[in-house]
Amino acid sequence: MKLRVQLQCKNLHEYLRELSPDILDRLYNHPATCLAVYRELPSLAKNYVMRMLFLDHPLPQAAVALWVKKDNQKDHDQCVSVLTGLRLWHNQQLQGGLQGIVLNPVFKDNLRIALLGGGKAWADVGSSLGPDRHARDVESLDRYAMERWEVILHFMVGSPSAAVSQDLAQLLIQAGLMKSEAGEAPCITSAGFQFLLLDTASQLWYITLQYLNTVQDYSVEGMSESLQTFLQHLREFGLVFQRKRKSRRYYPTRLAITLAAGVTANPSSSSSSSSSTALTGTPGTGESGFIVVETNYRVYAYTNSELQIALVALFSEMLYRFPNVVVAQVTRESVQQAIANGITAQQIIHFLRTRAHPVMLKQVSSSFTFILPARRKLQCFPQQSQTRSDYGNLKEIGFSLQKTSEPVFSADDGLIPIPGVLYNQFLSQADFEVLRDRAQGLGVLVWQNAPHRVMVVTPHGHSEVKRFWKRQKSHT
């Protein structure tokens, strides 16, 4: 049976929790690492760390539990789980047998250095090299970072003009994003399709963590040969800028700063600069959003980026292309093809929402739901738990089908077709709720979508629901 590959995209904390205690303690010996871990903590966990940062004695667990109200006990338990999993908190027995909590001493000392200063310099600032005759400003570094990152994405979608090093191509293969047959060029995999629809920050974390899982035994003391190789890989990712491979200095780009500073994309908020928006939101465009979706399933993408056009084409059919906009149509066939390639319904929704044009965001409420085309009234139910979440997402975006004799999904997809009758075009919400409640009472309701006034009932229950509706209308 063919199983769908789901892309497991971990964040920094999920990766660190898998490391051994010895490796974690070694990482916490560096102030920069401690600061990066602290920035990624939940707000409440940050508060706990700050409360204990300058305490030399452990606190009773009962006292720490009083820091939050009983109504927020769930948030407290979550913070305790995060801090314990990262080994930031240690349990220590107090006098009298009480259980106490103390902040990891290594993490505490180095976080103090990161916040207050002192200790050894994190890196050579290049003062001994003198002024750089080829110095770069922030804007040029942003352009360089995005150009390098887009080369990788273009390579994944098969653009003939994109070329990467053999090491990077091998990393993409080992990460499961691409595959290579004997004597053939690498091609994208199901996980690779899902990777393309992630935001830039998530893509960066995924690639970086995959790199850390494949690269071993490079020194962190000085610029050894293995560390210089690591630096060249960061250069190819666009995380650092180095004018030449033999240059004695390099610049971190905003992509690297994004990883270390806990910056997350928020497409619905305005940004102070177009460059930073492009880095944290939508690669290949100078805006936070460029897509407009109409209720007739037509998509307008206001972009000249070949990469973004290729991403839109992953789940839609291209109709027209103009100098600054492309027009596409989301169809049942294009969505099924995307699902066959491993892209989930939720990822399509996420892609459209996070790249929605600012004008569209102003006109659409937060509860807006994208609707995929409904050509057949056949409802598909999961046969395996692996596809249950996808089915819920398909329901969310209103994916409905009409009755047909040919199967829409094969058994290998874990879905079986169940025939049904679609009810829609209700004149009022009250009419919809009356009929829905009746069908639910009869036990013949298959599915409903209250915001769109759409419901599906079983074929054998259709006649009873229809008779009820006629009687109901005759009394009104």
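What covers the buried residues of H7? The cover includes helix H3 (31-39), helix H4 (43-52) and strand E3 (99-103); buried here means under 20% relative accessible area with a 1.4 Å probe, protein chains only. The structure is a predicted model, with local features needing pLDDT of at least 70 and side-chain atom pairs counting only at pLDDT 80 or more, while totals for chains, interfaces and linings use all residues. Residues are numbered from 1 along each chain as its sequence is written, and side-chain values use heavy atoms, with hydrogens and water left out.

Helix H7 itself takes in residues 105-116 and spans 16 Å from first C-alpha to last, close to the 16 Å expected at 1.5 Å a residue. Phe-107, Lys-108, Asn-110, Leu-111 and Ala-114 are its buried residues. Just past the helix, Gly-117 adopts a positive phi of about 95°.

At the other end sits Asn-104, in the loop between E3 and H7. Asn-104 caps the N-terminal end of H7, with a side-chain oxygen 3.0 Å from the backbone nitrogen of Val-106. At 1% relative accessibility, Asn-104 counts as buried. Beyond its neighbours within four places in sequence, Asn-104 is in contact (heavy atoms within 4.5 Å) with Asp-25, Tyr-28, Arg-87, Leu-88 and His-90.

Further along, the axes of helix H8 (residues 138-157) and helix H9 (residues 166-174) come within 12 Å and cross at roughly 60°. H8 is therefore oblique to H9, as angles under 35 degrees count as roughly parallel, over 145 as roughly antiparallel, 65 to 115 as roughly perpendicular and the rest as oblique. Ile-152, Phe-155 and Met-156 in H8 meet Leu-168, Ala-169 and Leu-172 in H9.

Methods:
Helix = DSSP H or I, 4+ residues; strand = E, 2+ residues; numbered from the N terminus. Expected span 1.5 Å × (residues − 1). Buried < 20%, exposed > 50% of the residue type's maximum accessible area, 1.4 Å probe, protein only. Polar contact = N/O pair within 3.5 Å; in protein donor to acceptor, adjacent residues only side chain to side chain. Axes fitted to C-alpha atoms, helices over the stretch in contact; angles between N-to-C directions.
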